[in-house]
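Hi there,

Here is the structure I promised to pass on to you. My notes on it follow below.

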Amino acid sequence: MAISLGSIADDYTGASDLANTLTKNGLRTVQTVGIPDPSLVLPEVDAVVVSLKIRSVPASEAVTAATEAERWLRQQGAGHVLYKICSTFDSTDAGNIGPVTEALSEAAGGGGVLVTPAFPDTGRTVYLGHLFVGGQPLNESPLKDHPLNPMHDANLVRVLARQSRGAVGLIDLAAIAAGPAAAKAKFDALRTTGATMAIADAIFERDLETLGEIALETPVSTGASGLGLGLARALVRSGRISGSATGEDVIRPVGGLSAIIAGSCSKATLRQLDIAEQSMPVLRLDPERLLAAGPDEIAAAISWAGDRISAGPVVVAASAAPETVSRLQSQYGREASGHAIETATSIIAAELVDRGVRRLVVAGGETSGAAVDKLAIPAFLIGPEIAPGVPVLRTVGNRQGDMLLALKSGNFGGEDFFAAALAMMQ
Ligand SMILES: Nc1ncnc2c1ncn2[C@@H]1O[C@H](COP(=O)(O)OP(=O)(O)O)[C@@H](O)[C@H]1O
Ligand SMILES: O=C(O)[C@@H](O)C(=O)COP(=O)(O)O
């Protein structure tokens with residue numbers, strides 16, 4: 001297998017979001033969970049997205065995992081490696097976007113790295129280095145209340161500089177709108193002033209096409225699915241790949257039961273749960289009890305779901321509003337509460353799969369990572385899109401047999417997302 005594009009995704013929902021974008025733009029793509037075991041037979045593809053669960057781990061741990069994945073991707077032939085981060089730049093001052101980007105760049109022999117989380121399809125745009133989520137600056141958006149990575153500064157040049165050893169510059173919209181030559185000239189000029197990374201503005205897809213073209217000439221870039229779109233289109237335009245992927249054959253029915261597990265506390269997921277409650281049984285876990293009396297609360301949830309699941313899909317949710325999340329975090333600590341809840345939701349997901357669930361929707365990046373790890377799924381093929389950034393996934397080499405999954409980033413999807421996902425998974 002010789003691939004054209006490699007990516008390292010910092011979480012599993014982000015990986016399927018990127019794999020979805022690459023597929024939609026013509027690249028045959030597979031999403032692996034970690035570096036695949038050599039015994040796993042992967043299909044012939046143009047791109048591999050290696051999913052890691054490193055968004056919220058200490059930076060040194062993230063650097064080690066990402067550089068190992070980069071080495072593996074280069075061995076598969078990848079000429080360019082994209083570090084897939086969140087389109088909302090989820091990363092505190094202790095975060096790893098800077099350290100991983102610098103390490104990947106060094107591994108590839110140095111040079112400047114283009115960085116942009118812009119993803120206009122989901123309302124993420126960057127202007128003069130400031131990230132907007134919908135109409136709001138990042139620090140005024142719901143991301144200010146994220147349970148693990150609360151974002152308090154919309155100026156990404158500053159955010160990235162606080163995490164990094166090297167200097168960070170800006171490729172502004174004026175340079176990008178003037179086309180690839182002007183954008184590249186600005187990028188080169190920044191490098192002569194000592195910047196090792198450049199945040200790039202982008203508002204429209206055409207900006208991302210320009211950025212994809214200049215990023216493809218370098219060995220490493222960092223960004224969200226928008227930059228993936230730019231890279232994929234540049235690859236197809238270059239004639240290096242045929243651009244013929246579709247993803248439709250991936251959704252052959254798998255049968256079995258279906259369930260939804262939610263651990264995201266994002267505004268979008270909270271709304272989707274309220275809507276799901278009108279048409280399916282929804283169990284709201286009690287996070288206080290999960291932390292105080294873990295196994296009992298988990299067993300009660302499994303029993304509740306077991307009583308209902310043969311009649312139709314069930315939803316089990318830990319998700320709560322920001323006030324409840326902060327109360328719990330001040331009592332048990334941010335990491336400890338997040339980790340305990342992820343462990344609980346992953347055990348519940350695995351039990352439900354043991355009881356016959358073959359169609360599973362998981363809401364939340366960390367939540368999805370914990371569930372997929374617990375299920376030990378090695379890789380996914382990418383099917384059609386349910387909502388921007390969320391494809392149907394089909395397992396590859398899964399020990400429970402073929403399953404269909406949707407790993408939903410907390411912030412993604414319309415209010416009827418859960419029903420829409422299940423309707424595409426038979
Ligand atoms: N009620 C709750 N209180 C505190 N933390 C919670 C609660 N419910 C879920 N969590 C944690 O919040 C985090 C949500 O992150 P994640 O799953 O990545 O969602 P998103 O995709 O919205 O970022 C997880 O660590 C999850 O375990
Ligand atoms: O880029 C994005 O917004 C998503 O792909 C993503 O990474 C979202 O992260 P979670 O909200 O933690 O799922």
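**The two ligand sites**

By class, the shell around ligand 1 is made of nine nonpolar, ten polar and two charged residues. For these classes, Ala, Val, Leu, Ile, Met, Phe, Trp, Tyr, Cys and Pro are nonpolar, Asp, Glu, Lys and Arg are charged, and the others, Gly among them, are polar.

Before going on, please note that this is a predicted model: local features need pLDDT of at least 70, side-chain atom pairs count only at pLDDT 80 or more, and totals for chains, interfaces and linings use all residues. Residues are numbered from 1 along each chain as its sequence is written, chains are lettered from A and ligands numbered from 1 in the order in which they are written, and side-chain values use heavy atoms, with hydrogens and water left out.

Back to ligand 1. There are 21 residues around ligand 1, and His 146, Ser 264, Glu 342, Glu 366 and Thr 367 come nearest (a residue is near if one of its heavy atoms lies within 4 Å).

- An N or O atom in the side chain of Thr 367 is 2.6 Å from an oxygen atom of ligand 1.
- For the side chain of Ser 264, the distance from an N or O atom to a ligand 1 oxygen is 2.7 Å.
- Gly 365 brings a polar backbone atom to 2.9 Å from an oxygen atom of ligand 1.

On its own, ligand 1 has 580 Å² of accessible area, and the protein covers 96% of that (Shrake-Rupley method, 1.4 Å probe; for residues, only the protein chains shown count as cover). Helices α12 (322-332), α13 (334-354) and α14 are the elements that give two or more residues to this shell. Helices here are DSSP runs of H or I with at least four residues, strands are runs of E with at least two, and both are numbered from the N terminus. Domain 1 (3-236) and domain 2 (255-423) each supply at least three residues to the shell around ligand 1; the bounds come from an automatic or database domain assignment.

Where does ligand 2 lie? Both domain 1 and domain 2 give residues to its shell, so ligand 2 lies between them. The 14 residues around ligand 2 have Thr 13, Asp 17, Arg 55, Lys 84 and Ser 87 as the nearest. Helix α1 (residues 12-24) contributes the largest share of the shell, three residues. A polar side-chain atom of Arg 55 is 2.7 Å from an oxygen atom of ligand 2, and for Lys 84 the side-chain N or O atom is at 2.9 Å from a ligand 2 oxygen. Taken alone, ligand 2 exposes 350 Å², of which the protein buries 96%.

Helix α14 (residues 365-375) has nine of its eleven residues buried (under 20% relative accessible area, with exposed over 50% and partly exposed in between; 1.4 Å probe, protein chains only). Among the buried ones are Gly 365, Glu 366 and Thr 367. Just after α14, Ala 376 has a positive phi of about 55 degrees.

Helix α3 (residues 97-107) also has nine of eleven residues buried, so the rest of the structure largely encloses it. Gly 109 follows α3 with a positive phi near 95 degrees.

Best wishes

Notes
A polar contact is a pair of N or O atoms within 3.5 Å; within protein, one must be able to donate a hydrogen and the other to accept it, and residues adjacent in sequence count only if both atoms are side-chain atoms.
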